[in-house]
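Try each task on your own before reading its solution.

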Number of protein chains: 2
Amino acid sequence: MNLFIALLAGGSGTRFWPASTRDLPKQMLPLAGGAPLLRETYDRVLALAPPERFLVVTSERFADAARALLPEIPATNVIGEPAARNTAAACAVAARWAASKAPDAVLLTLPADHVISPAEDLRGALVAAAAHATSSGALVTLGLRPTYAATGYGWIRLGEALAQEGGRAVHRVAQFVEKPDRTRAERYLADGGHLWNLGMFAWRADAFLAELARCLPDVAAKSALAMDSIARAYDGMPSISVDHGVLERASVVDCLPCSFAWDDVGSFAALARHLPKDAAGNCAVGPLLAIDAKGCIAWADADRMTALLGVEDLIVVHAHGATLVAHRSRAEDVRKIADSLGQAGLDRFA
Amino acid sequence: MNLFIALLAGGSGTRFWPASTRDLPKQMLPLAGGAPLLRETYDRVLALAPPERFLVVTSERFADAARALLPEIPATNVIGEPAARNTAAACAVAARWAASKAPDAVLLTLPADHVISPAEDLRGALVAAAAHATSSGALVTLGLRPTYAATGYGWIRLGEALAQEGGRAVHRVAQFVEKPDRTRAERYLADGGHLWNLGMFAWRADAFLAELARCLPDVAAKSALAMDSIARAYDGMPSISVDHGVLERASVVDCLPCSFAWDDVGSFAALARHLPKDAAGNCAVGPLLAIDAKGCIAWADADRMTALLGVEDLIVVHAHGATLVAHRSRAEDVRKIADSLGQAGLDRFA
């Protein structure tokens with residue numbers, strides 16, 4: 001199996017302001033106090049392929065930072081997108097790159113801003129998915145057994161069971177459902193036949209490019225220029241997700257069910273799941289002193305101390321000369337702050 | 001009238017951590033966004049005497065900072081106390097200093113960490129108090145007409161009315177009452193015969209020293225060494241307030257009633273009275289962006305931005321590498337944070 005791995009690191013992460021800024025996106029932050037998420041993503045799967053078989057697709061603004069985080073990878077294997085064009089374009093560029101390396105390339109395409117453990121379980125699932133993609137020619141997506149009735153994720157309705165792959169069941173995908181309402185999500189959770197779509201894919205480069213040419217001919221044509229000039233490839237490149245643009249339209253998509261601890265760390269509120277807590281449920285990256293405080297999350301990008309007194313359920317984040325104090329229930333709205341900086345004359349903190 | 005003015009700037013202000021630290025006390029902070037309180041105190045009364053007639057009594061740790069804030073005053077007119085010995089010692093040193101300058105010196109002794117306006121009203125009261133002290137030989141304290149039933153201040157019960165001084169009534173003090181309970185405070189407020197004790201005094205240096213020798217002979221004896229060696233004067237100096245040690249025991253204390261806007265800025269919560277507010281009642285020193293936030297106070301010692309999202313009634317203070325987030329109702333307890341730093345291994349932020 002001629003395996004290649006593409007890490008998609010294109011997001012900006014305004015829900016993580018001020019930790020994430022225009023120049024430092026979520027995937028390059030050590031959000032849970034360890035390594036930056038991109039680096040952790042690489043470390044989890046580096047056992048699957050040598051460094052020269054890794055590709056990172058990110059914004060051209062972040063390309064040098066990505067190279068610094070992953071010095072093992074050849075610098076030319078970090079592609080800086082001149083503009084954000086969603087995941088179909090990034091997946092297309094990655095497939096072009098893999099196909100240029102080997103005609104029978106099999107490609108894993110992974111988001112670079114998730115927290116997953118244990119890494120062995122992830123690797124086992126990815127190897128099985130890649131093996132199935134190799135033998136079947138299908139586009140394969142990983143489906144995670146759900147742990148709650150999530151309304152913010154995409155779900156996969158499983159179809160018929162196919163032959164096992166390395167001792168694992170593989171299913172045809174019957175349907176993709178984007179962000180169902182509460183009632184439907186609860187039904188999905190109860191019926192056992194629906195999984196979360198993680199955005200982690202395995203496919204043969206040639207198979208993906210054939211489906212791309214059929215489903216998104218413009219993206220296919222533009223991406224054909226990418227190995228010569230990423231600027232020309234992205235000039236006029238349509239912006240669409242690979243889920244909507246390709247997977248939902250492809251003739252055959254299979255799903256490899258898997259289960260491991262997974263978190264897309266969608267906001268600061270998610271950090272509480274990854275940090276040790278004191279007796280009152282407070283957690284922190286950086287020095288914290290809490291008196292009569294509970295359920296708070298503090299995060300600092302440097303040796304900045306947070307003192308909490310008589311407060312509850314707050315998110316307090318210090319970074320880049322700014323401090324955010326938000327109620328935990330409003331973590332999703334942090335982007336509103338990030339989006340309002342310019343209008344408030346505070347663009348220097350964006 | 002041979003007028004001298006002593007500014008007492010000895011407090012440490014742990015209720016203002018992290019803005020105030022071991023090395024930077026409350027009175028040297030620009031709390032309300034203008035000049036530091038010590039500088040504002042000087043500016044309010046500089047019209048009353050030339051700079052060389054001002055004395056600052058502060059901690060020896062803060063002496064150089066005080067000299068930098070008040071460069072007009074001769075450096076030797078800033079006395080650094082080797083240890084905190086409360087206000088009797090500081091008033092005694094100030095009286096010794098004034099007496100050494102002129103045998104008929106009249107001394108105004110003022111706290112350096114209050115906010116008062118308009119300054120003309122204060123100066124008018126001080127001049128009248130000094131004139132009365134000069135002519136009568138009494139110790140004179142300023143009494144402020146109360147605006148609410150304060151339980152945290154000392155009150156003065158007015159006795160018989162004396163001759164007017166510059167068109168102002170002067171009263172004998174019948175009694176000092178320290179921090180009355182709510183019921184008594186409400187009675188005091190209603191009866192009109194009780195005023196707040198501001199800790200602002202006028203007396204002839206010789207009259208004060210005579211009372212000091214009678215009421216606190218140890219302090220009197222020790223303070224006699226101060227003009228030669230402040231270290232020797234403070235070695236073994238008793239620690240007692242001038243109110244308890246002298247005023248409550250003196251044979252004659254008179255009170256000059258006055259009224260002006262006065263605030264001892266006892267905690268960060270008091271800042272809200274001195275800062276402009278947005279429509280939701282938020283106020284700030286430093287850049288602030290508030291979304292769905294109300295009643296919050298933000299304060300930064302530098303160009304550090306505060307973003308508030310979905311929170312209410314918080315105090316957020318950034319200074320010296322630390323950030324405090326406290327509920328407004330807990331402003332008085334900020335000292336608990338300051339006092340816990342060492343134990344928490346965070347002494348570097350103290």
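**Exercise 1: a histidine in a strand**

A:His318 is part of strand S16 (residues 314-319) of chain A. Keep in mind that this is a predicted model.

Task: Is A:His318 buried or exposed?

Solution. Start with the relative accessible area, which is 0% for A:His318. The cut-off for buried is under 20%, so A:His318 is buried. Next, look at what surrounds the residue. Leaving aside neighbours within four places in sequence, A:His318 is in contact with residues of chain A including A:Trp299, A:Asp301, A:Met305 and A:Thr323.

**Exercise 2: where the chains meet**

Task: How many residues does the contact take from chain B and from chain A?

Solution. Count each side: 37 residues come from chain B and 37 residues from chain A. Then turn to area: about 2,900 Å² is buried between chain B and chain A, and carbon and sulfur atoms give 66% of this. Within the area that chain B buries against chain A, B:Arg304, B:Met305 and B:Leu309 supply 23%, more than any other three residues.

Strand S13 (288-291), strand S15 (305-309), strand S16 (314-319), strand S17 (322-327) and helix H10 (334-340) of chain B are the elements that give two or more residues to the side of chain B that touches chain A. Of these, S17(B) gives the most, with 6 residues. By residue class, that side of chain B divides into 23 nonpolar, 7 polar and 7 charged.

Task: In which sense do strand S15 (residues 305-309) of chain A and S17(B) pair?

Solution. Follow the bridges from one strand to the other: there are 5, and the sense is parallel. For one example, pick A:Thr306, whose bridge partner in S17(B) is B:Thr323.

Task: How many salt bridges are there between chain B and chain A?

Solution. The count is 4 salt bridges. To see a salt bridge between the chains, find B:Asp292 and A:Arg330, whose closest N and O atoms are 2.7 Å apart.

**Exercise 3: salt bridges within a chain**

Side chains of opposite charge can pair when their charged atoms come close.

Task: Which residue forms a salt bridge with A:Asp113?

Solution. The partner is A:Lys26, with the closest N and O atoms 3.3 Å apart. Then place both residues: A:Asp113 sits in the loop between strand S4 (105-111) and strand S5 (115-117) of chain A, while A:Lys26 sits in the loop between strand S1 (2-9) and helix H1 (37-45), so the pair ties together parts that are 87 residues apart in sequence. Finally, check burial: A:Asp113 and A:Lys26 are both buried.

Task: Is A:Arg172, the salt-bridge partner of A:Asp254, buried, partly exposed or exposed?

Solution. The closest N and O atoms of A:Asp254 and A:Arg172 are 2.8 Å apart. A:Asp254 belongs to strand S10 (residues 253-258) and A:Arg172 to strand S8 (residues 168-178) of chain A, so this pair joins parts 82 residues apart in sequence. A:Asp254 has 0% relative accessibility and counts as buried, whereas A:Arg172, at 27%, counts as partly exposed.

Task: Which residue of the salt bridge between B:Arg273 and B:Asp263 is exposed, and which is buried?

Solution. The N to O distance in this salt bridge is 2.7 Å. B:Arg273 is the exposed residue, with a relative accessible area of 56%. B:Asp263 is the buried residue, with a relative accessible area of 4%.

**Exercise 4: an asparagine in a loop**

Task: Which backbone oxygen does the side chain of B:Asn77 reach?

Solution. Locate B:Asn77 in the loop between helix H2 (63-69) and strand S3 (78-81) of chain B. At 4% relative accessibility, B:Asn77 counts as buried. The side chain of B:Asn77 reaches the backbone oxygen of B:Glu52 at 2.9 Å. Not counting residues up to four places away in sequence, B:Asn77 also touches residues including B:Pro51, B:Phe54, B:Leu55 and B:Trp97.

How values were computed
Residues numbered from 1 in each chain as written. Chains lettered and ligands numbered in written order. Predicted model: local features only at pLDDT ≥ 70, side-chain atom pairs only at ≥ 80, totals over all residues. Heavy atoms only, no water. Salt bridge = Lys/Arg side-chain N within 4 Å of Asp/Glu carboxyl O. Helix = DSSP H or I, 4+ residues; strand = E, 2+ residues; numbered from the N terminus. Buried < 20%, exposed > 50% of the residue type's maximum accessible area, 1.4 Å probe, protein only. Contact = heavy atoms within 4.5 Å. Buried area = accessible area lost by both parts, 1.4 Å probe. Nonpolar A, V, L, I, M, F, W, Y, C, P; charged D, E, K, R; others polar. Pairing = 2+ DSSP bridges. Polar contact = N/O pair within 3.5 Å; in protein donor to acceptor, adjacent residues only side chain to side chain.
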